[in-house]
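Trainee: Could you walk me through a structure, and start with any term I will need?
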Amino acid sequence: MATLTAAPVLRKTALNATHRSCKAKMVDFGGWDMPVEYSGLTAEHLAVRTAVGLFDVSHMGDIQLRGPGSLAAVQQLCMNDASKLQIGQAHYSAMLYPNGTFVDDVIVHKLSDNDYLIVINAGTREKDIQWVRQTIGHMPSVHINDFSDYYTQLAIQGPRAAETLQKLTNTDLSTIKNYWFTWGQLTLKSGNLYNVMIARTGYTGEDGFEIYIPSDETTSERVWNEVLEAGAEFGILPCGLGARNTLRLEAGMALYGHEISDTINVFEANLGRYAKLDKPSFVGKDALLAIQEARGPERKLVGLEITGRGFGRDGYPVATPSGERIGEITSGGPSPFLKKAIAMAFVPLDYTAVDTELAVEIRGQLVPAKVVPLPFYKRPKKTT
């Protein structure tokens, strides 16, 4: 007799009913029931590049380290130098295994001298939390709290993001620099929200903000709807994971399980600039020093433009023009904004120079490609 296997129970954010009412296409993302698209990936992508888009990123995790020992704990746990952060500032970092590969990449926020918030990825949430407790749980004067389910996190991204959010807050958003944050009030038709964390960060390559609000369904839904109303004049669209992925690919941003993982080290991923090897100690430092002393990694991440017909997808082989396989694509596909086929891939050092001619194997055929600089897309600098 065949054994029936129960379907996995997916975790939901407070906005799942809202997403479904908008007829979003839902998918299993790291154990979460999440919207992959609403009106279409290309439309959503272009809305963020040219105007503004709204994302539900409540599946991300939030770990707070609090106490007199919190800085020492962050310094041991993460590769960037948190001692350089000012109150209200954030930076990109990563938690590493002792061999210099990735537990996860993170954003570290300094809330106060004795209080740090680490935002982690959704698909690695439980693993990350266990790693944090295992790595620094024994350190004195630091309390570890998992507040992941306490907040709904909304990302408002695009060149009109500030104008959209400014309608809903008395906080002067122009005073918040990139990778800084503050606490402010949301002034809503449905009632004000106080002590909202407003961070000028994102994962799209555009200017934008991420706001942290209470995770109950009523509050989450009313904020979501009022952000969409505020951005209506700019053409705001709700955006799903599909557009989030193509946007971050154009911006050359890493995704766990693709450009970073427990088999990829920091130097291979071209993220060595965030590993502060002059810090006294952090997990993975010794391994990175050893790699550096051994003349660096044997392969590196590069950008590829497919110059022939077709799109390189995740896992497709990368070869020399003569057909010798030398690597594989980590992320790839059509670029909705740049109108070309792009990809990121790991290749040996001898093939990393810009304009190096390569090929991608697509459905058994070698399609010409060349190495190009990362990121593929940089947002225009403001002229005012």
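Mentor: Let us begin with how an angle between two helices is taken: axes are lines fitted to C-alpha atoms, for helices over the stretch in contact, and angles run from 0 to 180 degrees between N-to-C directions. Please keep in mind that this is a predicted model.

Trainee: Okay, so at roughly what angle do the axes of helix 2 and helix 7 cross?
Mentor: Helix 2, residues 41–50, and helix 7, residues 241–250, have axes that cross at roughly 50° and come within 8 Å, which makes helix 2 oblique to helix 7.

Trainee: Is that crossing left-handed or right-handed?
Mentor: The crossing of helix 2 and helix 7 is right-handed. On the helix 2 side the contact is made by Leu-41, Glu-44, His-45, Val-48 and Arg-49, while helix 7 brings Gly-242, Ala-243, Thr-246, Leu-247 and Glu-250. Sorted by class, the residues of this contact are 4 nonpolar, 3 polar and 3 charged.

Trainee: Switching topic, how many cavities of 30 Å³ or more does the structure hold?
Mentor: There is 1 cavity of 30 Å³ or more, and the largest cavity has a volume of about 40 Å³.

Trainee: And what lines the largest cavity?
Mentor: Its lining includes Met-34, Phe-55, Cys-239 and Arg-244, and the elements giving two or more residues to that lining are strand 2, strand 3 and helix 7. The lining of the largest cavity divides into 6 nonpolar, 1 polar and 2 charged residues.

Trainee: What about the second largest pocket, how much space lies there?
Mentor: The second largest pocket holds about 310 Å³ of space, and its lining has 3 nonpolar, no polar and 6 charged residues, with Glu-163, Asp-207, Arg-379 and Lys-381 among the residues that line the second largest pocket.

Notes:
Residues are numbered from 1 along each chain as its sequence is written. This is a predicted model: local features need pLDDT of at least 70, side-chain atom pairs count only at pLDDT 80 or more; totals for chains, interfaces and linings use all residues. Side-chain values use heavy atoms; hydrogens and water are left out. On a 1 Å grid over the protein atoms alone, a cavity is a set of points where a 1.4 Å probe fits but cannot get out, and a pocket is an open set with protein on both sides within 12 Å along at least five of seven lines; lining residues have an atom within 4 Å of a point. Grid points are joined across faces, edges and corners, and a volume is the space filled by probe spheres set on the points. Ala, Val, Leu, Ile, Met, Phe, Trp, Tyr, Cys and Pro count as nonpolar, Asp, Glu, Lys and Arg as charged, and the others, Gly among them, as polar. Helices (H or I, at least four residues) and strands (E, at least two) are DSSP runs, numbered from the N terminus. Angles under 35 degrees count as roughly parallel, over 145 as roughly antiparallel, 65 to 115 as roughly perpendicular and the rest as oblique. A crossing is left-handed if the near helix is turned anticlockwise from the far one by less than a right angle, and right-handed if clockwise. Contact means heavy atoms within 4.5 Å.
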